[in-house]
Amino acid sequence: MTDVETASTATDTSARTLGFGVDVGGSGIKGGIVDLQTGQLVGERFKVLTPQPATPDSVAGGVAEVVDHFGWAGPVGITLPGVVTDGTMRTAANIDKSWIGTEVYNLFGNALGGRAVSVLNDADAAGMAEDRFGGGAGVDGVIMLLTLGTGIGTALLINGTLVPNTELGHLVIDGKEAEHRASSKVKEDKGWSYEKWAGKLSDVLEVYEALLWPTLFIVGGGISRKSDKWIPYLTNTTPVVPATLLNTAGIVGAAMAVDAGLRT
Ligand code: BGC
């Protein structure tokens, strides 16, 4: 059965509210149909390789390809690895610099035939999904999600409401940005053990907790799959739980964002 058939069967046979999200990452552009009541994907996700160079036009083409694969005609939420305010991408730490200044609603609106879109930061989308359906489900208070990958993305939520575009991965701690101290790429590049890297991450988490006093940290990114190997070594005070939606959190959060009419 194809994804399109899976989706239309789901639409026909249940009262599920469906949405669609696309997560734009450094290596892949991934998308899928989302059940907005459960935060689960309906059918498989579909991925195309991120074009190189990952310029706005080429990425928008990739997003359209993912949406077309499902024959999805409704609104689409899209994540980007940077700050989006007033409909404009402001930063591009780990993506082609030509994104800076790009009017993302025009870009994706045109690429997707003028339908409704929401465009938001990738960690913010993952944070929305994890807060509601994942590691933060049922937890009140201030929740901070970190995505540990090439960089460190952060999302901050209070009782389910997002404070968009926190860029605390770039917080300078003792002369060095947090993401240059403790992203999973740094661990790989330096060949550190989990224990050594957990020490570096603890230093970063301790600064976040001294400044923000969160109730809970949720740690995501590929390395969170092996969280039992390193969460026990963390020495900060606030509880830390792994993300549970793993590689679907960005897609789910993007679909939630467009469903909520979020515009950053
Ligand atoms: C960017 C963030 C992004 C994170 C994860 C950081 O370098 O500044 O906007 O959320 O990487 O992709």
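Start by selecting His170: an N or O atom in the His170 side chain is 2.6 Å from an oxygen atom of the ligand, a polar contact (a pair of N or O atoms within 3.5 Å). Taken alone, the ligand exposes 310 Å², and the protein buries 92% of that (accessible areas by the Shrake-Rupley method with a 1.4 Å probe).

A quick word on what you're looking at: this is a predicted model, where local features need pLDDT of at least 70, side-chain atom pairs count only at pLDDT 80 or more, and totals for chains, interfaces and linings use all residues. Residues are numbered from 1 along each chain as its sequence is written, and side-chain values use heavy atoms, with hydrogens and water left out.

Now click on Glu167: a polar side-chain atom there lies 2.6 Å from an oxygen atom of the ligand. Then try Gly82, where a polar backbone atom is 3.4 Å from a ligand oxygen.

Which residues surround the ligand? They are Pro81, Gly82, Ala93, Asn94, Asn121, Asp122, Ala123, Gly153, Glu167, His170 and Glu179. By class, that shell has three nonpolar, five polar and three charged residues, with Gly counted as polar.

Finally, colour by domain: the chain has domain 1 (3–124 + 248–259) and domain 2 (137–243), with bounds from an automatic or database assignment. The contact between them (heavy atoms within 4.5 Å) takes nine residues from domain 1 and 14 residues from domain 2. Look back at the ligand: each domain gives at least three residues to its shell.

How values were computed: Near = heavy atom within 4 Å. Polar contact = N/O pair within 3.5 Å; in protein donor to acceptor, adjacent residues only side chain to side chain.
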